[in-house]
Amino acid sequence: VFGQDPLWLAWVTDLINLKDAGNLTQYNDLLSTVTPARFKVGQMIGSTGILMGLTLAMYINVDEDKKKLYKGIFLSSALAVFLTGVTEPIEYMFMFVALPLYIVYALVQGCAFAMADIVDLRVHSFGNIEFLTRTPMAIKAGIGMDVINFIWVSILFAVAMFFIANFMIKKFNLATAGRNGNYDAKGSDEASSNETKVADASAQVIQIINLLGGRNNIADVDACMTRLRITVHNPELVGDEASWKQAGAMGFIVKGSGIQAIYGPKADVLKSDIQDVLSSGVEIPKM
């Protein structure tokens with residue numbers, strides 16, 4: 001995985017140099033015999049097309065009285081996936097609660113990887129921000145049609161996944177985010193409850209601290225793009241998965257004294273809020 005990026009950059013740079021030098025024999029040989037980054041392009045189609053169609057299908061099936069609340073949740077998650085190529089924010093919305101849909105999604109994703117053997121898709125990036133910055137290089141290297149192929153293939157898979165997911169959610173009454181009781185615990189009552197302040201922090205932050213066993217049980221708090229990563233002194237004091245789901249987590253993993261709670265794009269914000277409360281010294285009420 002780490003070798004793909006320098007390989008693609010070296011390949012496309014050689015194409016540009018050979019083309020500029022007028023050495024078309026070596027240029028055509030390199031273009032036809034070497035195809036780098038075939039692994040990554042399937043994931044790019046997934047984050048650009050497949051998951052966008054799936055997200056739209058999940059959103060239109062949200063219970064009518066919850067759509068206003070979940071509009072922002074789905075939009076922020078979709079943007080994170082589309083721009084960065086990190087698929088977790090959307091995948092964790094349905095993989096645990098709608099396993100049949102996840103299995104079908106995995107098969108569709110496999111088909112996206114196979115497209116590299118069907119049409120020219122010799123592009124490489126980690127998200128669409130990087131894809132846009134590399135498009136001029138691809139055009140200069142003479143593979144501009146690959147960029148066009150990537151766009152129409154992504155749109156094709158987005159449309160196909162939308163209809164598949166919409167059908168499955170309705171047909172099997174799947175409890176994807178925002179329907180069939182699968183609600184954010186802090187948003188299922190009234191949006192105003194999210195604004196409740198306890199010890200200068202949101203009620204959700206206080207609930208997370210309590211689920212971690214309280215201030216004295218927390219050794220370290222960190223976060224990546226989608227997960228809270230906490231080290232605790234005694235993992236036995238940490239709440240169970242059902243309690244974490246009630247606190248808005250989309251997934252929960254325990255590895256020894258390490259706790260990972262999946263909250264999507266807001267994980268880093270929650271990390272900062274938790275650190276602020278812990279360092280403030282104020283009393284943290286039980287919830």
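## Confidence

Elements are DSSP runs numbered from the N terminus: helices are H or I with at least four residues, strands are E with at least two. Over residues 187-200 the pLDDT is below 50, and this stretch has 18 contacts in the model beyond near neighbours in sequence. A contact means heavy atoms within 4.5 Å. Where pLDDT is low, the predicted coordinates should not be read in detail. The chain has a mean pLDDT of 88, with 93% of its residues at 70 or more.

This is a predicted model: local features need pLDDT of at least 70, side-chain atom pairs count only at pLDDT 80 or more, and totals for chains, interfaces and linings use all residues. Residues are numbered from 1 along each chain as its sequence is written, and side-chain values use heavy atoms, with hydrogens and water left out.

## Cavities

The count comes to two cavities of 30 Å³ or more. A cavity is a set of points, on a 1 Å grid over the protein atoms alone, where a 1.4 Å probe fits but cannot get out; lining residues have an atom within 4 Å of a point. Points are joined across faces, edges and corners, and volume is the space filled by probe spheres set on them.

The largest cavity has a volume of about 40 Å³. Its lining includes Trp8, His124 and Arg134. Helix 7 (residues 128-140) gives the largest share, four residues. The second largest cavity has a volume of about 30 Å³. Gln43, Met44 and Phe150 are among its lining residues. Here the largest share, four residues, comes from helix 3 (residues 38-60).

## Helix 7 against helix 8

Helix 7 and helix 8 pack at about 150 degrees, with axes 8 Å apart. Axes are lines fitted to C-alpha atoms over the stretch in contact, and angles run from 0 to 180 degrees between N-to-C directions. Helix 7 contributes Asn128, Phe131, Thr135, Ala138 and Ile139; helix 8 contributes Gly144, Val147 and Phe150.

## Salt bridges

The model has nine salt bridges, each a side-chain nitrogen of Lys or Arg within 4 Å of a carboxyl oxygen of Asp or Glu. One joins Arg122 and Asp146 (2.8 Å, N to O). This pair links distant parts of the chain, 24 residues apart: Arg122 lies in the loop between helix 6 (99-114) and helix 7, Asp146 in helix 8.

Key
On a 1 Å grid over the protein atoms alone, a cavity is a set of points where a 1.4 Å probe fits but cannot get out, and a pocket is an open set with protein on both sides within 12 Å along at least five of seven lines; lining residues have an atom within 4 Å of a point. pLDDT is the predictor's confidence in each residue, from 0 to 100.
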